[in-house]
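Here is a walk through one protein chain, taken a region at a time. Keep the viewer open as you read.

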Amino acid sequence: MSVMTVTGKVRADTLGLVLPHEHAFIDLRNLVPAPHTISGKVLAQEKVSMANLGKLQRNPYAVLDNAVLDDENIMEWELLEFKKAGGKTFVDLTLRDIGRDPVLLARLARALDINIIAGCGYYIKASHPPDMDDKTIDDITEEILREIKYGIDGTTIKAGVIGEIGTSEIIYPNERKTLIAAAAAQQETGLGLHVHTDLWATNGYEVVKILTEQGAAPEKICINHIDVDIKLDYIKELLHQGVYVEFDNFGKEFYADKRHRSVLKGLFARDIERVRAIRELISCGFLSQILLSTDVCLKTCIHHYGGWGYDHVITNIIPMLQDEGVSDEQIQMLMVHNPAVFLDDGKE
């Protein structure tokens, strides 16, 4: 049973502690709406600094510099902290048009001797290329399969997971096409399939329906970002359909008030609320269907800019889970066993 990393195939049972949803390199600046006021435009052009960290807790996209991670030296240092904390495998879900760079990922993997797994497919409508309307489902399926079987962006570096496939507050026609194509690719390859859902919406139901009707295996589908606005009834309904759910915003405790809503639209749950929700779901029998990550996609999420870094789940959340009564064996399931099963392609 194996998993494809950016440096080659490894056994699924050797992945160790896994972050199943991250971004080492990403550029979301083109997805940020332009501010309308003079002061907002001036702030948008600043660099992230101690002077604007407070503002970025209220509106993380107020400074465009916060929406890009592109420094290879900083990323190497940050991922070394993850490794020193005990981390071994890092899943990078940055897709085309928002900064994907498989060559840089392979360099990091070799420099640090960690597993890095790259994603494939298309993100949300706002990031789609100009010719997306012209692409057929078969075209998109072929693109995804090519990146899995042969390599990404003209390299021989292969994708080892599908996604994160993007959906918006409503699922647009081109997003639906991509979901159907991803389902076909999942059925053929056996890979895990990550789906980005709007942080405050509940369209995971529709996502699962589309994917499973097209032949995707429920046990290989992960609905992302269910931990921003925690709706336990919604989460349980998803889990009853046999899919994974992902608590992947650990470290993000933002509050986007009405003055500053652009990309973000409101309150984020706190880490302790995420942990208590996980404990509740475990008590309901869903331990084997939960994944944990930090989905780092902003400068302010990493140590260099005052954040908790990629080691946050290992360094801080595991002790919090223990404090809330989650056993070491259950934590091992959450951090090692579950992501390995999700990522395993079922092939030798």
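The paragraphs below go from the nonpolar cores to the helix pairs and then to a few individual residues.

First, some housekeeping: this is a predicted model, in which local features need pLDDT of at least 70 and side-chain atom pairs count only at pLDDT 80 or more, while totals for chains, interfaces and linings use all residues. Residues are numbered from 1 along each chain as its sequence is written, and side-chain values use heavy atoms, with hydrogens and water left out.

Let's start inside. A nonpolar core here is a set of buried Ala, Val, Leu, Ile, Met, Phe, Trp, Tyr and Cys residues joined through side-chain atoms within 4.5 Å; buried means under 20% relative accessible area, exposed over 50%, and partly exposed in between, with a 1.4 Å probe and protein chains only. The largest such core has 98 residues, and Leu79, Ile162, Ile223, Phe247, Leu292 and Tyr310 touch the most other members. Apart from it there is another core of 15 residues, including Val10, Ala12, Leu15 and Leu93.

Leu79 also turns up where two helices meet. Helices are DSSP runs of H or I with at least four residues, strands are runs of E with at least two, and both are numbered from the N terminus. In helix 3, Glu72, Met75, Glu76, Leu79, Leu80 and Lys83 meet Leu104, Arg107, Leu108, Ala111 and Leu112 of helix 4, where contact means heavy atoms within 4.5 Å. The two axes come within 10 Å and cross at roughly 45°; axes are lines fitted to C-alpha atoms, for helices over the stretch in contact, and angles run from 0 to 180 degrees between N-to-C directions. Helix 3 and helix 4 are therefore oblique to each other, as angles under 35 degrees count as roughly parallel, over 145 as roughly antiparallel, 65 to 115 as roughly perpendicular and the rest as oblique.

Stay with helix 4 (residues 102–112) for a moment: its buried residues include Leu104, Leu105, Leu108 and Leu112. The buried residues of this helix pack against helix 3 (72–84), strand 6 (87–92) and strand 7 (115–118). Asp113 is exposed, at a relative accessible area of 64%. Asp295 has a positive phi too, near 45°, but Asp295 is buried, at 7%.

Which residues join the other helix pair, helix 6 and helix 7? Helix 6 (residues 173–189) and helix 7 (residues 204–213) pack at an angle of about 50°, with axes 8 Å apart. Arg176, Leu179, Ile180 and Ala183 of helix 6 make the contact with Glu206, Val207, Ile210 and Leu211 of helix 7.Now look at the loop between strand 8 (162–166) and helix 6, where you'll find Thr167. At 0% relative accessibility, Thr167 counts as buried. Beyond its neighbours within four places in sequence, Thr167 has contacts that include Leu179, His196 and Val207. The side chain of Thr167 reaches the backbone oxygen of His196 at 2.6 Å. Back in strand 8 lies Glu164, and the peptide bond from Gly163 to Glu164 is cis, with omega near 15°.

Methods
Polar contact = N/O pair within 3.5 Å; in protein donor to acceptor, adjacent residues only side chain to side chain.
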